[in-house]
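Have the viewer open and follow along.

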Amino acid sequence: MESALKQIVIVGGGTAGWMAAAAFARFLGPGFSIHVIESDEIGTVGVGEATIPAIQLFNQNLGIDEKEFVRATQGSFKLGIEFADWYAPGNRYIHAFGAVGRPLGLLPFHHYWLRHHQQGGTSSLWDYSPTALAAAQNRFSPPQEKPGALPSGVAYAYHFDAGLYAAFLRRYSEARGVVRTEGKIVGTELNSQSGFIDAVTLSSGVNISGDLFIDCSGFRGLLIEEALHSGYEDWTEYLPCNRALAVPCASANPLTPYTRSTAREAGWQWRIPLQHRIGNGHVYCSDFIDDARATDILMENLDGAPLAEPRQLRFVTGKRRQIWKKNCIALGLASGFLEPLESTSIHLIQSGIAKLLNFFPSGRPDQADIDAFNTQMDFEFHAIRDFIILHYKANNREGAFWTHCREMDVPDSLAAKMELFQANGRIVRHNEELFTELGWLQVMWGQGLRPRGYHPLADQLTPAQLQEFLSVAHKHADFVASQMAPHQDYITAQCAAPPLE
Ligand code: FAD
């Protein structure tokens, strides 16, 4: 059956706009006109450099060659996020992607390790994670999975220049028929009966009409909020940081295959190594620290010479009440904002696109589809929100900001997760929430939560069997890490970007 919906208008050409355009061009097939409108005068937010492994799927589905993509975006590889000073000054842990040991029978690995730990064993949880061990040695090369052999347990993502990624996807999209218009939208025409968006008006006076509008206009939410008044759920009570300062600096050796997040007096600082520079930023709460002090902290903690003046961004953590309203779907910053502590914003764009394709309307959107989409997006945002709050809540740092975070009430959903873990080390992943048991495990342990017990079935192994089981898991992780090349060598050999002009 031919679709009555023909014209898709994407408002905004940042990461969100071009990811949407590329995916629609690839998956909707002929018969649709896809139009991206972006304003050079307004520009893009210009940050967003760290990702999670799911982005591999996005690129693979578009048929993008990994090495070409890494070269084009000055990219590097990411095995996880190191959290420095988060639990307490001097403490470090990593949220590593991929496996941490292997389940045995019904039981997740960590119950065996908890037994070992509670009986005085001294190995670290991360001794069993191939990616944590590789990250500590600054190694990276893609795992070579061999038939019949144990899976490597390695998962990875990328750091990249988001502006270059958008440019890369723009070339991809335009080659597949997407039309781009440069211009500033100054008005939105709503249908007087349905309230649906009929068209947007550019400052040149040109009207661009469409059947479906994708709002990728950034924080302001030009269509979803300014035209359709979706409303905003404000989560400042749980995530009080409201400002960020971003500054690139010169590269420093070695090229680390992980993002670093370092806790600061009223927030935290990111460090994201790319091929041509390091991206840095300071996320902070203006109720506890002023801009001048926040700038000093950032600039005093760079690994290389700054390459620009620090740029400030202001945000309110939360999400639109209805991410899809009438014939408008918001993606990216227009849909909501969660601070980049676990590099989830680009993933939320990807996830929004996948869900939209799943619920893609054949004509005028049905409210049942809209509601189902919104329910799924709400769930995804809430689950990520809880995971981010955990990093703040479970801290043992001094200072007014950290005391406030430690003492604040958290959502019941998170409180229940923390209690469950602290009882017997159990972690329940609800539905398809983004972070797996292994992600929760590493952050809960890393932030100092200590279970009182463990699953009783872990006692079924004799002490010698337990020793052997853990030793095999450690050797496997060690072996996988040792097979990887130094990260820099792999990039130099396989996907070094040409020097920038
Ligand atoms: P933008 O980049 O702001 O693009 C908006 C587009 O809309 C632009 O093209 C603009 O020109 C256009 N536009 C706006 N108004 C008009 C108008 N009137 N007329 C025409 N065009 C218009 N995400 C991650 O996944 N990992 C990270 O490490 C990460 N770090 C971040 C750090 C910070 C401090 C912040 C604030 C965000 C971070 N993000 C991160 C989020 C990430 O930057 C965004 O999700 C991503 O860049 C998508 O942005 P966007 O396309 O929604 O908006």
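What follows goes from domains to ligand, then to helix pairs and loops.

Keep in mind throughout that this is a predicted model. Where the domains touch, six residues of domain 1 are in contact with six residues of domain 2. On the domain 1 side, the touching residues come out as two nonpolar, two polar and two charged.

Now zoom in on the ligand. It has 37 residues around it, and the closest are Gly12, Gly14, Gly48, Gly218 and Gly332. Which elements give two or more residues to this shell? They are α1, β2 (33–38), β13 (243–249) and α8 (345–358). Helix α1 supplies the largest share, with three residues. Sorted by class, the shell holds 18 nonpolar, 16 polar and three charged residues.

Helix α1 (residues 15–27) sits against helix α6 (residues 162–175), with the axes 9 Å apart and at an angle of about 30°. Angles under 35 degrees count as roughly parallel, so that is how α1 and α6 run relative to each other. Their crossing is left-handed. From α1, the residues in the contact are Thr15, Trp18, Met19, Ala21, Ala22 and Ala25, and they meet Ala162, Tyr165, Ala166, Leu169, Arg170, Tyr172 and Ser173 of α6. That contact of α1 with α6 counts ten nonpolar residues, two polar ones and one charged.

Helix α8, another contributor to the ligand shell, has two packing partners to look at here, α2 and α9. Take helix α2 (residues 54–62) to begin with: it packs on α8 at an angle of about 45°, the axes being 10 Å apart. The two helices are therefore oblique to each other, and α2 passes α8 in a left-handed crossing. Ala54, Ile55 and Phe58 of α2 make the contact with Ile346, His347 and Gln350 of α8. By class, the α2 and α8 contact has four nonpolar residues, two polar and no charged.

On to the other partner, helix α9 (residues 367–393). The axes of α8 and α9 come within 10 Å and cross at roughly 160°, so α8 and α9 are roughly antiparallel. This time the crossing is right-handed. Look for Leu348, Ser351, Gly352, Lys355 and Leu356 on α8, which make the contact with Phe373, Gln376, Met377 and Glu380 on α9. In the contact of α8 with α9 there are four nonpolar, three polar and two charged residues.

Last stop: the backbone. Most residues other than glycine have a negative phi, and most peptide bonds are trans. Against that background, the bond joining Asn253 and Pro254 is a cis peptide bond, with omega about -10°. Pro254 is found in the loop between β13 and β14 (259–264), and β13 is one of the elements in the ligand shell. Then there is Asp85, a residue other than glycine with a positive phi, near 65°. You'll find Asp85 in the loop between β4 (80–84) and β5 (92–96).

Notes: Residues numbered from 1 in each chain as written. Predicted model: local features only at pLDDT ≥ 70, side-chain atom pairs only at ≥ 80, totals over all residues. Axes fitted to C-alpha atoms, helices over the stretch in contact; angles between N-to-C directions. Helix = DSSP H or I, 4+ residues; strand = E, 2+ residues; numbered from the N terminus. Parallel < 35°, antiparallel > 145°, perpendicular 65-115°, else oblique. Left-handed = near helix turned anticlockwise from the far one by under 90°. Contact = placed C-beta atoms within 7 Å. Nonpolar A, V, L, I, M, F, W, Y, C, P; charged D, E, K, R; others polar. Near = placed C-beta within 6 Å.
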